[in-house]
Amino acid sequence: MPMKENPKEIKSNLEYLRKLFIMPDSPDKFIEFGHDLLEMIHGFFQEKGGIHSSITLPALSEIFDQTAVPDSPKLIKDVLSEIKTKVINHSVKVGSPYYIGHMTSATPYFMILLEMIIAALNQNQVKIETAKASSFVERELVAWLHQLIFGRNDKFYEKNIQNHRVALGNVTSDGTLANMTALLVAREKAFPHDGDFPGLRMAGMERALRHYGYARGVVIISKRGHYSITKAANLLGIGEENVITIPVDNHNRIDLKRLRRRVKNLQEGKGNGKTKIISIIGIAGTTETGSVDNLQGLGDIAYEAGAHFHVDACWGGSALLVNEYRSLFNGIERADSVTIDAHKLLYCPMSMGIVLFRNEKDLRLIRHTSQYVIRRNSVDTGRFTIEGSRPFACLKPWASLKIIGREGYGLLFKQAHKSTNNLKKILDSRGNFETLNTPELFILIYRFIPETVREQLLAWKKVKASAEKRQKAKEIERKIRKVNHLINGLNIKLHKALRRDDTSFVSRTTIESTRYRPQNIVVLRAVLINPLTNSQVLKEIVETQNRIGLKIWQEFEPVYHRLRDSGPGRVNELI
Ligand SMILES: Cc1ncc(COP(=O)(O)O)c(C=O)c1O
């Protein structure tokens with residue numbers, strides 16, 4: 001479908017527009033377009049070349065620089081060909097086996113077909129009048145995932161699976177909204193109706209704090225928490241400053257000892273008066289390292305503190321489908337709420353989140369009604385959701401759990417696990433890399449660091465640990481920091497060069513390293529869930545990073561030598 005220089009302008013007439021609404025011109029035309037479109041999509045996947053297309057961002061802004069809304073209509077085929085040239089050709093190939101940088105990855109092709117059904121039916125999940133069978137599909141999916149997490153008895157699910165008086169959870173447009181829904185419920189539970197006080201949702205935060213005699217309300221999460229929690233705190237009037245972050249242990253899991261101490265201090269009102277702990281949040285699959293908090297321990301602390309226990313399992317939650325992974329999540333069944341993203345480990349296309357509540361009555365706390373939809377005694381799903389209109393997105397995970405099944409997901413996760421271990425092995429054997437986490441759920445962080453520098457840092461760390469004089473230890477520490485700072489610069493430059501090379505993609509983040517804390521370390525981050533990524537692909541990716549890394553290192557090396565050999569406590573004296 002080559003793009004025409006001057007696509008034909010057509011005259012608007014109602015007859016033509018009417019035909020668009022039923023089907024373009026005739027059913028034949030619809031099928032013809034559908035066929036062309038599928039070929040166009042297929043072509044995108046077959047195309048060789050870079051991951052990101054070589055077009056620059058300024059050039060892209062020149063393509064999309066029309067400042068006014070189009071006036072006269074154009075033919076569908078012309079606009080489709082415009083989409084191909086302007087959009088598809090410059091889209092990111094997130095499904096490429098060489099794209100291992102983000103949680104956004106390949107999806108099975110049947111998802112495209114499901115998206116067509118979703119668009120064709122155009123159900124609006126807000127109310128039964130616009131979503132009949134699809135409301136029941138949603139409730140069934142919600143019950144499946146609820147059962148997977150909380151494992152309540154059969155009677156509970158038989159009673160509630162299609163019980164419109166309660167909601168076991170909500171399907172949301174993404175994980176951010178799912179987390180926000182969980183915290184909205186937590187906020188209501190923290191400041192409930194009490195005598196003359198009508199509850200927080202009616203009275204607002206200030207009156208709620210005053211009524212219950214608190215100076216502030218907080219939520220607590222580890223330093224690895226996703227920024228959606230801060231966003232929710234902002235939007236729910238809790239305040240971003242009232243998100244308390246707790247350091248992690250050496251495995252990137254929340255440090256339970258420090259959490260306990262912090263909770264105690266908050267409850268004793270040390271410093272700023274009494275604090276209400278609205279929620280303690282565990283993470284089951286952190287965004288940066290894929291680690292799972294000790295949910296059992298967190299559950300105990302949350303229970304003792306009288307706080308809502310929320311688990312952000314947006315990344316990892318789907319691994320509960322597979323028995324081998326269940327022990328990682330021990331304690332999740334005690335959570336009050338859990339969030340999972342379907343567009344992550346369920347391999348659905350963008351985007352769909354889900355929030356589940358152990359107590360089927362919890363969502364009643366945020367129930368809304370209105371006269372024209374979601375009437376008081378209606379069966380409408382929209383009574384329990386933050387969002388209004390919602391697509392029939394749940395069809396994708398619902399169908400996918402049938403097509404792929406728990407067994408199929410087990411195989412996909414096995415492959416993801418294998419790829420993650422493979423990459424770690426390749427990097428560890430290559431010499432010039434330092435892997436920085438023990439991956440639990442398919443995310444590996446590492447950095448490029450020439451072997452001699454890595455060995456030097458190790459040697460310094462040993463000397464520092466055994467240094468008798470504090471002064472000497474401090475000097476070595478300063479050197480380690482300076483070298484790490486230099487290596488941070490090297491990895492930023494390497495990442496930029498890799499973007500230009502564009503044959504593969506890993507992401508980059510800066511993280512307070514568990515190995516060099518409290519220093520922030522720039523790391524490369526690989527997310528290894530594409531089943532088409534094999535060990536040959538991984539070797540090629542590492543080879544490219546090594547080649548480009550060593551080239552850039554030449555600029556950095558003289559500075560490193562100066563750093564290493566300069567100042568008091570020169571290297572040879574230190575070791
Ligand atoms: C742990 C975690 N929670 C929440 C989210 C937010 O999800 P979304 O991007 O779907 O809003 C993410 C996204 O990466 C995540 O990793």
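Predicted model: local features only at pLDDT ≥ 70, side-chain atom pairs only at ≥ 80, totals over all residues.
Q: Which residues come nearest to the ligand, and which helix gives the shell its largest share?
A: Of the 16 residues around the ligand, the nearest are Asp174, Gly175, Thr176, Thr287 and Cys314. Helix α8 (residues 175-190) supplies the largest share of the shell, three residues.

Q: What makes a set of residues a nonpolar core?
A: Its members are buried residues of the listed kinds, joined through C-beta atoms within 7 Å. The largest such core has 124 residues, and among those with the most contacts inside it are Val219, Ile220 and Ile280. Nine residues of this core, its largest share, come from α8. Domain 2 (124-403) and domain 3 (407-574) each contribute at least three residues to the core.

Q: Which residues are in contact with Ile280, its neighbours within four places in sequence left aside?
A: They are Ile220, Leu298, Ile301, Ala302, Ala305, Ala307 and Phe309.

Q: Why are the buried residues of α11 said to line one face of the helix?
A: In α11 (residues 227-235), Ser228, Ile229, Ala232 and Ala233 are buried. Seen down the helix axis, the buried residues of α11 fall within an arc of 145°, and therefore they line one face. These residues pack against α8, β2 (216-222), β3 (243-246) and β4 (275-283).

Methods
Residues numbered from 1 in each chain as written. Near = placed C-beta within 6 Å. Helix = DSSP H or I, 4+ residues; strand = E, 2+ residues; numbered from the N terminus. Buried ≥ 20, exposed ≤ 12 C-beta atoms within 10 Å, placed from the backbone. Domains from an automatic or database assignment. Contact = placed C-beta atoms within 7 Å. Arc of directions from axis to C-beta.
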